[in-house]
Amino acid sequence: MPAMTTCLWFDDQAKEAADYYSRIFPNSRITDVEYYGEAGPRPAGTVLTVSFELDGRPFIALNGGPEFTFDEAVSIQVHCRDQEEVDYYWNALTADGGQESQCGWLKDRFGFSWQIVPNRLTELLKDPDAGRARRAMTAMLQMRRIVIADLESAADAG
């Protein structure tokens, strides 16, 4: 399979975003920074792209200008092993101007969308007992941040 890298388009916050994400996720780092040259379109010496890794996965942040912005059509799912991990990522990514949404979705301070998904949610939604799966889904649809104990209580309430 060919190498693939996700590119995130920012106005002028590529370096700030890459630094921010690299602090939040383990095994993450900035691997390269490229700068605009004399050919522009931005002033020479300003950041063009930042190559970085989040938990070993490659990304590029591009300072491309204000023409394009993020929306919920693209997001990154963060699969979490337990409530502590859900809470960590939820709190870190909504800090400093992030916004909570519904069903485990949020926008970080740059407007990029994330889904913070506990593995237990996936297990409950695949439960062979259709009633348990339905009750878990109904509970999840009422939540912002996913609370595993509340999902389990709802699933068991039948």
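Visitor: Why is Ser51 called buried?

Guide: Ser51 has a relative accessible area of 18%. A residue counts as buried under 20% relative accessible area, as exposed over 50%, and as partly exposed in between, with a 1.4 Å probe and protein chains only. The value for Ser51 lies under 20%, so Ser51 is buried.

Visitor: What kind of model is this, and how are its residues numbered?

Guide: This is a predicted model, in which local features need pLDDT of at least 70 and side-chain atom pairs count only at pLDDT 80 or more, while totals for chains, interfaces and linings use all residues. Residues are numbered from 1 along each chain as its sequence is written, and side-chain values use heavy atoms, with hydrogens and water left out.

Visitor: Which residues does Ser51 touch, apart from those up to four places away in sequence?

Guide: They are Ile30, Thr31, Asp32, Phe59 and Ile60. Contact means heavy atoms within 4.5 Å.

Visitor: Where is Ser51 found?

Guide: Ser51 belongs to strand E3, residues 47-54. Helices (H or I, at least four residues) and strands (E, at least two) are DSSP runs, numbered from the N terminus. In strand E4, Ile60 is the bridge partner of Ser51.

Visitor: What makes E3 and E4 a pair of strands?

Guide: Six bridges join E3 to E4 (residues 57-63), and the two run antiparallel. Two strands pair if DSSP finds at least two bridges between them. Six bridges meet that requirement, so E3 and E4 pair. Strands of a sheet pair through backbone hydrogen bonds, either parallel or antiparallel.

Visitor: Which strands make up the sheet that contains E3, and in what order?

Guide: The order is E1-E4-E3-E2, in an open sheet with mixed pairing. Strand E1 (6-10) and E2 are the edge strands, since each pairs on one side only. From one strand to the next, the twist averages 20 degrees. Helix H1 packs on this sheet, touching E1, E2, E3 and E4, and its direction makes about 10 degrees with that of E3. For such angles, axes are lines fitted to C-alpha atoms, for helices over the stretch in contact, and the angles run from 0 to 180 degrees between N-to-C directions.

Visitor: Which strands form the other open sheet, with E5 among them?

Guide: That sheet has the order E5-E8-E7-E6, and its pairing is mixed. Its edge strands are E5 (75-80) and E6 (99-100). Helix H2 (residues 83-94) packs on the sheet, touching E5, E6, E7 and E8, and its direction makes about 165 degrees with that of E8. Three bridges join E7 to E8, which run antiparallel; the bridge partner of Leu106 in E8 is Trp114.

Visitor: What kind of aromatic pair do Tyr20 and Phe110 form?

Guide: Their ring centres are 5.6 Å apart, with 70 degrees between the planes. Rings of Phe, Tyr and Trp (its six-membered ring) pair if their centres lie within 6.5 Å; planes under 30 degrees apart count as stacked, over 60 as edge-to-face and the rest as tilted. The distance is within 6.5 Å and the angle is over 60 degrees, so the pair is edge-to-face. Tyr20 is in H1 (residues 14-24) and Phe110 in the loop between E7 (105-107) and E8 (113-118), 90 residues apart. Both Tyr20 and Phe110 are buried.

Visitor: What kind of aromatic pair do Phe25 and Trp114 form?

Guide: Phe25 and Trp114 are 5.3 Å apart, centre to centre, with 25 degrees between the planes. The angle is under 30 degrees, so the pair is stacked. Phe25 lies in the loop between H1 and E2 (29-35), Trp114 in E8, 89 residues apart. Both are buried.

Visitor: How do you know that a charge sits over the ring of Tyr20?

Guide: The charged end of Arg109 is 4.2 Å from the ring centre of Tyr20. A charge sits over a ring if NZ of Lys or CZ of Arg is within 6 Å of the ring centre and within 35 degrees of the ring normal. The distance of 4.2 Å is within the 6 Å limit, and Arg109 is listed as sitting over the ring.

Visitor: Is Lys126 buried or exposed?

Guide: Lys126 has a relative accessible area of 67%, so Lys126 is exposed. Its place is in the loop between helix H3 (119-125) and helix H4 (130-141).

Visitor: How do you know that the span of H4 agrees with its length?

Guide: The expected span of a helix is 1.5 Å times one less than its number of residues. For the 12 residues of H4 that gives 16 Å, and the end C-alpha atoms are 16 Å apart, so the two agree. The buried residues of H4 pack against H3 and helix H5 (148-156).
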